[in-house]
Amino acid sequence: MRGTITRVSNGFQLATRFSGVTTSPVRDILAVLSRGDVISFAGGIPDASLFELADFRAAFDHVLTHQGARALQYAATKGEPELLEQVASRLSRALPTTPDQVQVTSGSQEGIFLVGQVLLDPGDVVLVEQPTYLAAVQAFALAGASLVPVATDDHGVLPEALAAAIAQHHPKFVYLIPTFQNPTGRSMPAGRREAVAEVLLRTGVPLLEDDPYGELRFEGEAAPPLASLPGMSGQTVLLNSASKVMAPGVRIGWLRAEGDILRALEVAKQAVGLQSAVTDQLAVAHYLATCDLDAHIARVVGVYRERRDAMAAGLAGILPAGADITRPEGGMFLWVRLGGGLDTALRLPTALEEGVAYVPGRAFFARDADASTMRLSYVTNPVGTITEGLARLGRAFGW
Ligand SMILES: Cc1ncc(COP(=O)(O)O)c(C=O)c1O
C-alpha cells in the first residue's frame, strides 16, 4: 500500500531527490476507505458535523458580497492584511507578534515545505522526533535532506539526546511538534520545554515548531510554545493552522518568524503558488473577527475529550498484556505499542476486512521503526462507532 515512487512512464524521469520519498500511507489508506462500512481511526480528520457551517457560509457570503472583486483577484504573497492582523493578535496571546512577522500559507503543510525549500541543501540533516509527522518527513526528503531521529520519552524529545545529535550531525534545524504530537499525542511539559530550549539556544540550532493541535487541550496546564521562551522567538519558525480548530478544507495556515528568513519564505511561497486563495483568507479573517473561535474550540474539545476517554477505556479493556498506550491531554491521536515483534502493517488487510482502519506506526519513524505501533485517531467518530471499531480491531488482532 505504501509506495516508493521509483519511475514514471512516457519518458519522464524523476529527479534524484525523489528517490526514497514515499507516498503517505495515511493518504493511501484514506483512498481505500471509499468502502462506506469501514470505521476509520486512520486520518486526523476533524468531525465534519462540528464545523461552524453557518458561520462560514456567512463569512464567504460577506466576502463575496462586500469584497468580491478583491476576493477573486491576484493578491500579495504575504497574505491579506485582515488575516495577518487577526493571526498576529491570536498568536500574541502567547508570544507578542506583529502582522509583518506573519506569512500566510495554504495550510501548515505548505509552511513545512517552504521552510524545507528555503533552508535545505541535498544531504543536509534535519533532526526529528522519533516518531514524527510523516508528511514533514516527505517534505524534507523532497528537499534532499537526511532525517535523523532523536530519542523521545513520554515527555517528548530528550534534551541530552538532542544535544548529542546536534554535536554529531550538525543539523540545519530541528523539527518538533511539542504539543499533542502527531502521531503519539504526547506533550512536552514546561520543564522539558525549557531544557530543550536551553540546548537549542546554547548550540544556535534553529527550530521549526509545528503547533496545529495546541489549542485542542482537554485537561492539564497549557504549555506555551517553545518560540515564546526567552531568547527563542528569533531562532524559531512557528507553524499554525486553521485546519484543526476551524476547518481543513479552507487550506489556510500561517507561520511566524523574525528577520530575513521571512523574505526568503515569501519568495519561496511565490514560486510555489503566488498566494493562498484570497477568498479563503478573507473568509477566515472575517470569521475570526466576527465569530467566537474560543467558544467553538471549547465545544469541539468537549466532544473530543469524551471520544478520547471512550477510546482509551475501550483499548485498555481489550489490549493484550505488555501493550501500552499514550493518554493524550488533547489533540487527535492515541498511540499504541503492542511489542512482541508484531508488525501492525501486516494486520492492516485483515483489519480492513473486519471493517476498521488505523495507520501502522512504522511510517512515522525516520529510521529504526518500531513496527508494533499504530496510530489511532479518536476525533472522527462518535462514541458508539468508536466502540464498534475497537471490537473489530480486537477481532482483527485476535485479542
Ligand atoms: C503535525 C502536523 N503538522 C502539519 C499538518 C498539516 O496540516 P494543515 O496543512 O492542514 O494545516 C498536520 C496535519 O495532520 C499535522 O499533523
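**Entry 1: the 7-strand sheet**

In what order do the 7 strands of the open sheet stand? I looked this up before anything else. I kept in mind that the model is predicted. I read the order as β2-β10-β9-β8-β7-β3-β4, and the pairing is mixed. I then looked for the edge strands. They are β2 (102–105) and β4 (146–150), and each of them pairs on one side only. I also noted the twist, which averages 20° from one strand to the next.

I went to β8, residues 207–210. Are its residues buried or exposed? I found Leu207 and Glu209 on one side, Leu208 and Asp210 on the other, and all of them buried. Both faces of β8 are therefore covered.

Next I checked the pairing. Strand β7 (residues 173–176) runs parallel to β8, and 3 bridges join the two. Across this pair, Leu176 stands opposite Glu209. I followed the chain from β7 to β8 and passed through helix α8 (residues 190–203) on the way. This β-α-β crossover is right-handed.

β8 also pairs with strand β9 (residues 236–241). That pairing is parallel too, over 4 bridges. Here Glu209 stands opposite Leu238 in β9.

I turned to β2 at one edge. Val102 and Val104 point one way, while Gln103 and Thr105 point the other way. I noted all of these residues as buried. Which strand does β2 pair with? I found strand β10 (residues 253–256), running antiparallel to β2, with 4 bridges between them. Gln103 stands opposite Leu255 in β10.

I then moved to β4, the other edge strand. Strand β3 (residues 125–129) is joined to β4 by 5 bridges, and the two run parallel. Val128 stands opposite Pro149 in β4. I also saw a helix here. Helix α7 (residues 159–169) lies across β3 and β4, and its direction makes about 150° with β4.

**Entry 2: helices α5 and α6**

I looked at a helix pair next. Two packed helices are described by the angle between their axes and the distance between the axes. For helix α5 (residues 107–119) and helix α6 (residues 134–142), I read that the axes come within 8 Å and cross at roughly 30°. α5 is therefore roughly parallel to α6. The crossing of α5 past α6 is right-handed.

Which residues meet between these helices? From α5 I listed Gln109, Ile112, Phe113 and Gly116. From α6 I listed Ala135, Ala136, Ala139, Phe140 and Leu142.

**Entry 3: Phe60**

I picked out Phe60, which sits in helix α2 (residues 53–66). Why does Phe60 count as partly exposed? I found 19 other C-beta atoms within 10 Å of it, and a buried residue needs 20 or more. I then asked what Phe60 touches, leaving aside its neighbours within four places in sequence. The contacts are Thr279 and Ala283. I also looked up Gln281, which is 221 residues from Phe60 along the chain. The C-alpha atoms of Phe60 and Gln281 are separated by 9.9 Å.

**Entry 4: the 4-strand sheet**

I found an open sheet of 4 strands, in the order β11-β12-β15-β14, with antiparallel pairing. Its edges are β11 (324–325) and β14 (359–360). Each has a single partner strand, so one side of each is left without a neighbour in the sheet. β14 and strand β15 (residues 373–377) pair antiparallel over 2 bridges. Val359 has Arg375 in β15 as its bridge partner.

I looked for a helix on this sheet as well. Helix α11 (residues 293–318) lies across β11, β12 (333–337) and β15. It runs at about 15° to β12.

**Entry 5: helices α12 and α13**

The crossing is right-handed. On the α12 side I noted Arg347, Thr350, Ala351 and Glu354. They meet Arg392, Leu393, Arg395, Ala396 and Phe397 in α13.

Conventions:
Residues are numbered from 1 along each chain as its sequence is written. This is a predicted model: local features need pLDDT of at least 70, side-chain atom pairs count only at pLDDT 80 or more; totals for chains, interfaces and linings use all residues. A residue is buried if 20 or more other C-beta atoms lie within 10 Å of its own, exposed if 12 or fewer, and partly exposed in between; C-beta atoms are placed from the backbone. Two strands pair if DSSP finds at least two bridges between them. A crossover is right-handed if, with the strands pointing away from the viewer, the path from the first strand over the helix to the second runs clockwise. A crossing is left-handed if the near helix is turned anticlockwise from the far one by less than a right angle, and right-handed if clockwise. Two residues are in contact if their C-beta atoms, placed from the backbone, lie within 7 Å. Axes are lines fitted to C-alpha atoms, for helices over the stretch in contact, and angles run from 0 to 180 degrees between N-to-C directions. Angles under 35 degrees count as roughly parallel, over 145 as roughly antiparallel, 65 to 115 as roughly perpendicular and the rest as oblique.
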